[in-house]
Amino acid sequence: MNKKYQVVILGGGSGGISTASRLIKAGIKDILIIDHADYHAYQPSWPLVGSGAEKKENSRKKMKKVVPHGADFLQQKVTAIQAVERIIRLDNKEQVNYEYLVVALGLQLDFDKIAGLSETLGKNQVCTNYLYDYVDYTYKSLKKVKVGNVIVTKPSTPIKGGVAPENSLFTFDEFFKDKKKGRPTLILKSALDSLFPVEKYRRQIEKQIEDKGISYDLQHELIAVNGPEQTAIFKNLQTEETYSTPFDMLLVTPPMSAPDVVKQSTLSDEEGWLNVNKHTLQHVRHQNVFGLGDCTNLPTVKMGSAVRKQVPVLAENLVAQIKGKKLPGYYDGMTACPIATEYGQAIMAEFGYDLKPKESLPLDQSKTNPLLYQLKKRAIPFMYWYGMLKGRS
């Protein structure tokens, strides 16, 4: 295969599918989406699956069912991006040429950067909610644990679903709430220096943690796991000291980074992220390349809600670029972070690049509310499948 398309989209996640839908509505007809996956998943549901509040089967659909009519789909893994030559190389040794490129490849999960983790994941009460095949084990482990330490980790790197560890932490607490005699000790170990980047919501998250009696340490990063002995090794990033903590259940959020294919291309910045203008989403050096979502260096929390705001900006600007017009779309960094504080209650942090609250509902979204929980659990997934992916949200 050595075919040329007007627009090639790398990634069949929320950003890639939604962008294709928008471009088709704008009259762009020669589009190819490339992704290696069989399924498209709504991953924000996975922390709820791991806590027993949702069924994982509801979180995904066959990729071919979400690819919009009017776009071609190629199920292959991208092995190289040659931006100067406008060539995409695939793992079947073929190549695709393009006029315009959209990079929406998401994040790479770096489980191997934590010593011993890969060997024990899915065993010895070591869990993660970042892999579809493992979220059932999270709930199985949760039901099994009776005493001791239940540790939830958060790495120093950016992560997709930026508040997923907090969602798990609070719903775990709710799971153990009805225990009449004793209960495990819940511990958050975060490598970040703050519980949240926006002060208004940070105060509320801190209050929730303290009211629930949850222990937490900031700037403590998981660096190794001994599964058979059920011990986790952490590094205090302030003192550089390492120490070991026993656990009866360990929920790991792995370090994450841009995909290797982005890091190894001329499209990346010094840290490996896709280097785009934070307002127009156009690449800073290649005017025919645009990017959005988790693989970019956009300075915002990496959430599906951020992608929802980025998609219309990217589509509008790409169409303008194709037509030789000035780019009209402007992204201000808006994102939304729904955090389930317990079953039936949630807060909803909304803000932009300036880290100031920009709430869309006529209520204080920093305070727990059953409406916000139903938005997280029911309304947002519905809008995702039937609105955003179809270019209507």
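Is Phe-196 buried or exposed at 6% relative accessibility? Phe-196 counts as buried, where buried means under 20% relative accessible area, exposed over 50% and partly exposed in between, with a 1.4 Å probe and protein chains only. The model is predicted, and local features need pLDDT of at least 70, side-chain atom pairs count only at pLDDT 80 or more, and totals for chains, interfaces and linings use all residues. Residues are numbered from 1 along each chain as its sequence is written, and side-chain values use heavy atoms, with hydrogens and water left out.

**View A. Aromatic pair of Phe-196 and Phe-351.** The structure holds 10 aromatic pairs; rings of Phe, Tyr and Trp (its six-membered ring) pair if their centres lie within 6.5 Å, and planes under 30 degrees apart count as stacked, over 60 as edge-to-face and the rest as tilted. In this one the ring centres of Phe-196 and Phe-351 are 5.7 Å apart and the planes stand at 85°, so the pair is edge-to-face. Phe-196 lies in the loop between β12 (185-190) and α7 (199-211), and Phe-351 in strand β21 (residues 345-351), 155 residues apart. Helices (H or I, at least four residues) and strands (E, at least two) are DSSP runs, numbered from the N terminus. Phe-351 is buried, with a relative accessible area of 1%.

**View B. Aromatic pair of Tyr-331 and Tyr-353.** This pair is edge-to-face, at 5.6 Å centre to centre with 75° between the planes. It links the loop between α9 (304-322) and β20 (335-342), which holds Tyr-331, to the loop between β21 and α10 (370-386), which holds Tyr-353; the two residues are 22 apart. Tyr-331 is buried at 1% relative accessibility, and Tyr-353 is buried at 17%.

**View C. Open sheet of 3 strands.** The strand order is β14-β15-β16, with antiparallel pairing; two strands pair if DSSP finds at least two bridges between them. β14 (220-226) and β16 (242-246) are the edge strands, each with a single partner, so one side of each has no neighbour in the sheet. β14 pairs with β15 (residues 231-236) over 6 bridges, and Ala-224 has Ile-233 of β15 as its bridge partner.

**View D. Charged ends over rings.** The charged end of Lys-189 sits over the ring of Phe-234, 5.3 Å from its centre. A charge sits over a ring if NZ of Lys or CZ of Arg is within 6 Å of the ring centre and within 35 degrees of the ring normal. Lys-302 lies over the face of Trp-273, 4.6 Å from the ring centre.
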